[in-house]
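Here are a few notes to read with the model open beside you. They go through it point by point.

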Amino acid sequence: GNTLFGYLAGEDIADGGRDNTLLGHGSGKNITTGDENVTIGSGAGGRLIAAIENTAVGMKALHTDDAGDGTTAIGHKALYYQNVGDEISANTAVGR
């Protein structure tokens, strides 16, 4: 199951999205079929769609990535601009 807490957190989760923990306003808002993501903070992981196994902690951490996997972003806007379209995934960043 999914754990959602906050206005618009996980708003788009579909039947395929499993085992996500999304806490905060708009946290993980666009996840539809992504699994095992943890997003904590306003807008954290806000554009993830089918991504799996990501951790985003902090306001808008990992905010623009839509399909990357295995990334950890901790801090205010950490990895804000990472996007799998740039063939970037599985990164770890701590800090602003």
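1. Let's start with lysine 29, which comes out as partly exposed, at 25% relative accessibility. Keep in mind that this is a predicted model.

2. What does lysine 29 form a salt bridge with? The partner is glutamate 11, and the closest N and O atoms are 2.9 Å apart. Glutamate 11 is partly exposed too, its relative accessible area being 43%. Lysine 29 sits in the loop between strand 2 (21-23) and strand 3 (38-40), while glutamate 11 sits in the loop between strand 1 and strand 2, so this pair ties together parts 18 residues apart in sequence.

3. The salt-bridge count is two. Besides the pair above, the side chains of arginine 18 and aspartate 35 meet at 3.7 Å, N to O. Here arginine 18 belongs to the loop between strand 1 and strand 2 and aspartate 35 to the loop between strand 2 and strand 3, so parts 17 residues apart in sequence are tied together.

4. Is aspartate 35 buried or exposed? It counts as buried because its relative accessibility is 17%, and the cut-off for buried is under 20%. Its side chain also reaches the backbone nitrogen of arginine 18, at 2.8 Å. Leaving out residues up to four places away in sequence, aspartate 35 touches Gly16, Gly17, Arg18, Asn20, Ala51, Ile52 and Glu53.

5. Six strands make an open sheet in the order 1-2-3-4-5-6, with parallel pairing. Strand 1 (3-5) and strand 6 (92-94) are at the edges with a single partner strand each, so one side of each has no neighbour in the sheet. From one strand to the next, the twist averages 5°.

6. Threonine 55 has threonine 72 as its bridge partner in strand 5. As background, strands of a sheet pair through backbone hydrogen bonds, either parallel or antiparallel.

7. Last, the nonpolar side. How many residues does the largest nonpolar core have? There are 11: Ala9, Leu22, Ile31, Ala44, Leu48, Ala51, Ala56, Ala61, Leu62, Ala73 and Ala78. Alanine 9, one of these core residues, touches Leu4, Leu22, Gly24, Gly26 and Ser27, again not counting residues up to four places away in sequence. Ala51, also listed in the core, is among the residues that aspartate 35 touches.

Conventions:
Residues are numbered from 1 along each chain as its sequence is written. This is a predicted model: local features need pLDDT of at least 70, side-chain atom pairs count only at pLDDT 80 or more; totals for chains, interfaces and linings use all residues. Side-chain values use heavy atoms; hydrogens and water are left out. Two strands pair if DSSP finds at least two bridges between them. Helices (H or I, at least four residues) and strands (E, at least two) are DSSP runs, numbered from the N terminus. Axes are lines fitted to C-alpha atoms, for helices over the stretch in contact, and angles run from 0 to 180 degrees between N-to-C directions. A salt bridge is a side-chain nitrogen of Lys or Arg within 4 Å of a carboxyl oxygen of Asp or Glu. Buried means under 20% relative accessible area, exposed over 50%, partly exposed in between (1.4 Å probe, protein chains only). A nonpolar core is a set of buried Ala, Val, Leu, Ile, Met, Phe, Trp, Tyr and Cys residues joined through side-chain atoms within 4.5 Å. Contact means heavy atoms within 4.5 Å. A polar contact is a pair of N or O atoms within 3.5 Å; within protein, one must be able to donate a hydrogen and the other to accept it, and residues adjacent in sequence count only if both atoms are side-chain atoms.
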